[in-house]
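Visitor: Could you walk me through reading the cavities, pockets and helix packing in a model like this one?

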Amino acid sequence: MIMKKLFHIFFIFFKIASFTFGGGYAMLPIIKRELVDNLGWVTEKDIYNYYAIGQSTPGIIAVNTATMTGYSLKGFKGAVAATLGFISPSLIIITLIASFFKRFQEIKVFQHAFAAIQIAVVALIIEIVIKMWQKSDKTKFSLLIFIITFIALSFLKISPVYLILFSAGMGIIIQYLRGNLKQAFKNYDSQNKNHNQLEEEMITNKTNPNNYKNKDCDQ
Amino acid sequence: MLYLTLFLEFFKVGLFALGGGLAALPFLQDLIEKYGWITAEELLNMIAISESTPGAIGINTATFIGYNTAGLMGAIIATIGLVFPSLIIISIIAHYFKSFNEHPLVESAFSGIRPAVAALIASAAYELSRGELFYPQNLTFEINNLKFSDLLNYKALLLLIFIFTGIRVFKKHPIFYIIAAALIGILFKF
């Protein structure tokens, strides 16, 4: 019984990954169609919440979203099933392409094409960096961290691992020095108290039809 | 053992590549310099293909590098290594911290991480493009006969500006520009 549901989760995320091209956000409408509209396993709000969490945890956002959603459906086993389902199309398709790629590279036409494609990729990456700047808070602290990180990696060859840890620490220190942290903690705590109260009400009243805890009991 | 190294290296990428999308790029670029598993050109090719096929870019690229390094087993190991840290961490977070992303420490940490990731990606782009655009080896030749075109791949630079302008103006899906570049490349024998 549980295995059937796990296989179902695997195949659903296999399907979702097959229609996701490119960035993590591309998966959202597809995940909504499959899990919210068709199956009603989660709510749209849940999906966006998992996506938000997925942006703040290590790993690829799309995979994180899949993992989180899988966990919400069937715990750790669900997380594993969803993750494996999500990465399988990539494994199959890319392995096939990669196995032929080396042979195609001998062909002159492909060499010309890919020499230009490499330039296009650089242009796409530059565009992504610009978009990141546009979406950022554009403070002088952000700019400072940007410049320091760029110099540290490009010229001082410091490992990106240390730079990520350093920037995380700097982010916390800067927010602390600006006096934002104390208020943020207060907001977070009161928000959590409200959430817990609401959750308790929902469980005792059983008024929320989308409460997946009820759905699982049907198994 | 190559398999173990592959797993550990991609585990590291999965753990520290924060901020989604191409956040893994600087770490992959680091792998090039460290192990020489792939060249800069190959990495750029892989990114192009990963953008054009189903699945998240990061996964596709990991699978590709894993395959090139150690065959099918390598592809599987690299991909699983990449998703392993998040599988563990997210299971813990999902269990205990339902609003993890709103925690003040997390939010403030990411206010610092985000610009850093942008810088890492920009730096990686700079490194990867150097081989395409410049011919530094010609600097060692005599200065007398050195032409501008010996130092700079002006054809590549023009294409870069052209494609970039197209991206800014038309804002189409990346695969559009990859195909356009492919056609231009064939036409002008890049």
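Guide: By class, the lining of the largest cavity holds four nonpolar, six polar and two charged residues. Keep in mind that this is a predicted model.

Visitor: What is the volume of the largest cavity?
Guide: The largest cavity comes to about 80 Å³. A search of the whole structure turns up seven cavities of 30 Å³ or more.

Visitor: Which residues line the largest cavity?
Guide: From chain A, look for A:Asp137, A:Thr139, A:Phe141, A:Ser142, A:Ile145, A:Met170, A:Gly171, A:Ile174, A:Gln175 and A:Arg178.

Visitor: Which elements of each chain supply at least two residues of the pocket lining?
Guide: In chain A, they are strand S1 (21-22), helix H3 (44-55), helix H5 (108-135) and helix H6 (140-154). In chain B, they are helix H5 (104-133) and helix H8 (174-188).

Visitor: Let's stay with chain B, then. How many helices and strands make up its secondary structure?
Guide: Eight helices and one strand. Read from the N terminus, the order is α-α-α-β-α-α-α-α-α. The C-alpha atoms of chain B fill a box of roughly 65 × 45 × 30 Å along the principal axes.

Visitor: Now helix packing. What describes two packed helices?
Guide: You give the angle between their axes and the distance between the axes. H7(B) passes H8(B) in a right-handed crossing.

Visitor: Which residues make that contact?
Guide: H7(B) brings B:Lys155, B:Leu159, B:Phe162, B:Ile163, B:Gly166, B:Ile167 and B:Phe170, while H8(B) answers with B:Tyr177, B:Ala181, B:Ile184 and B:Phe188. Sorted by class, the residues of this contact are nine nonpolar, one polar and one charged.

Visitor: At what angle do the axes of H2(B) and H3(B) cross?
Guide: Helix H2 (residues 25-35) of chain B crosses helix H3 (residues 40-52) of chain B at roughly 150 degrees, and their axes come within 10 Å. H2(B) and H3(B) are therefore roughly antiparallel to each other. Their crossing is right-handed. B:Leu25, B:Leu28, B:Gln29 and B:Ile32 of H2(B) touch B:Ala40, B:Leu43 and B:Ile47 of H3(B). By class, that contact has six nonpolar, one polar and no charged residues.

Visitor: Is the crossing of H1(A) and H2(A) left-handed or right-handed?
Guide: Right-handed. The contact uses A:Ile12, A:Phe13, A:Lys15 and A:Ile16 of H1(A) with A:Met27, A:Ile30, A:Ile31, A:Glu34 and A:Leu35 of H2(A). These residues comprise seven nonpolar, no polar and two charged.

Terms used:
Residues numbered from 1 in each chain as written. Chains lettered and ligands numbered in written order. Predicted model: local features only at pLDDT ≥ 70, side-chain atom pairs only at ≥ 80, totals over all residues. Heavy atoms only, no water. Helix = DSSP H or I, 4+ residues; strand = E, 2+ residues; numbered from the N terminus. Left-handed = near helix turned anticlockwise from the far one by under 90°. Contact = heavy atoms within 4.5 Å. Nonpolar A, V, L, I, M, F, W, Y, C, P; charged D, E, K, R; others polar. 1 Å grid on protein atoms, 1.4 Å probe; cavity = no way out; pocket = protein on both sides within 12 Å on 5 of 7 lines; lining within 4 Å. Points joined across faces, edges and corners; volume = space filled by probe spheres on them. Axes fitted to C-alpha atoms, helices over the stretch in contact; angles between N-to-C directions. Parallel < 35°, antiparallel > 145°, perpendicular 65-115°, else oblique.
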